[in-house]
Amino acid sequence: MDEKTLQTLEFPKILERLAGYTAFSASGDLARQVRPTSQLEEAQLRQARTTEARRLLSVNDTVSIGGAHDVRPKADLAMRGGVLDAQDLLDIKSTLISARELARTFERQQVESPQLSKIAIDLAPPPGVVDVISRTISERGDVLDSASPKLAQVRRETRVAHDRLMTRLERMVNDA
């Protein structure tokens, strides 16, 4: 179907309405990019996925991507060698945890939702990424001593120096 026909049918308005039902900005972007297909197999696959999703949501309305953030710009920045701040890493961690939970949900739903399960297999994050972020950044966004041995050493030395300074100051204040 050509773009002129899609415009005549007001297809972009339909896609905007569809995107309005999404709970995640990336899902909304995907909804806006949907195009009709003339391939029978592709149409049947899309219908099967839609049927599975409707059935799943009617039975289990707790399926969600809660806690996920749109980290695409952050991932692009990191891929180009850019630096992410602590909040960026926490957003990525939260998104990875949500993806892992969603992948587990569909793993349990393989028989009832085979098409969606095939998609969800790729959602599980690489092992260890969440753990590394958890050992590096606190939930408040502070860099933890466990981020690196050198940082832990520098912070220990700083605490010792601070304690020595405070002891000296106390002696000076209390000394006649």
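How much space lies in the largest pocket? The volume is about 1,800 Å³, taken as the space filled by probe spheres set on grid points joined across faces, edges and corners.

## Basis

This is a predicted model, in which local features need pLDDT of at least 70 and side-chain atom pairs count only at pLDDT 80 or more, while totals for chains, interfaces and linings use all residues. Residues are numbered from 1 along each chain as its sequence is written, and side-chain values use heavy atoms, with hydrogens and water left out.

## Overall form

The chain holds nine helices and zero strands (DSSP runs numbered from the N terminus: helices H or I of at least four residues, strands E of at least two). Its radius of gyration, over C-alpha atoms, is 25 Å; a compact globule of 176 residues would have a value near 16 Å (the rule is 2.2 Å times the number of residues to the power 0.38). The C-alpha trace spans about 90 × 40 × 30 Å along its principal axes.

## Largest pocket

A pocket is an open set of points on a 1 Å grid over the protein atoms alone, where a 1.4 Å probe fits, with protein on both sides within 12 Å along at least five of seven lines; lining residues have an atom within 4 Å of a point. Of the 37 lining residues, Thr22, Ser27, Leu30, Ala53 and Leu116 are the closest to the centre. Helix 3 (25-32), helix 4 (40-59), helix 6 and helix 7 (114-120) each supply at least two residues of the lining.

## Helix 6 and helix 8

The axes of helix 6 (residues 86-108) and helix 8 (residues 129-136) come within 10 Å and cross at roughly 145° (lines fitted to C-alpha atoms over the stretch in contact, with angles from 0 to 180 degrees between N-to-C directions). In contact (heavy atoms within 4.5 Å), residues of helix 6 including Leu89, Ile92 and Arg100 meet Val129, Val130, Ile133 and Ser134 of helix 8.
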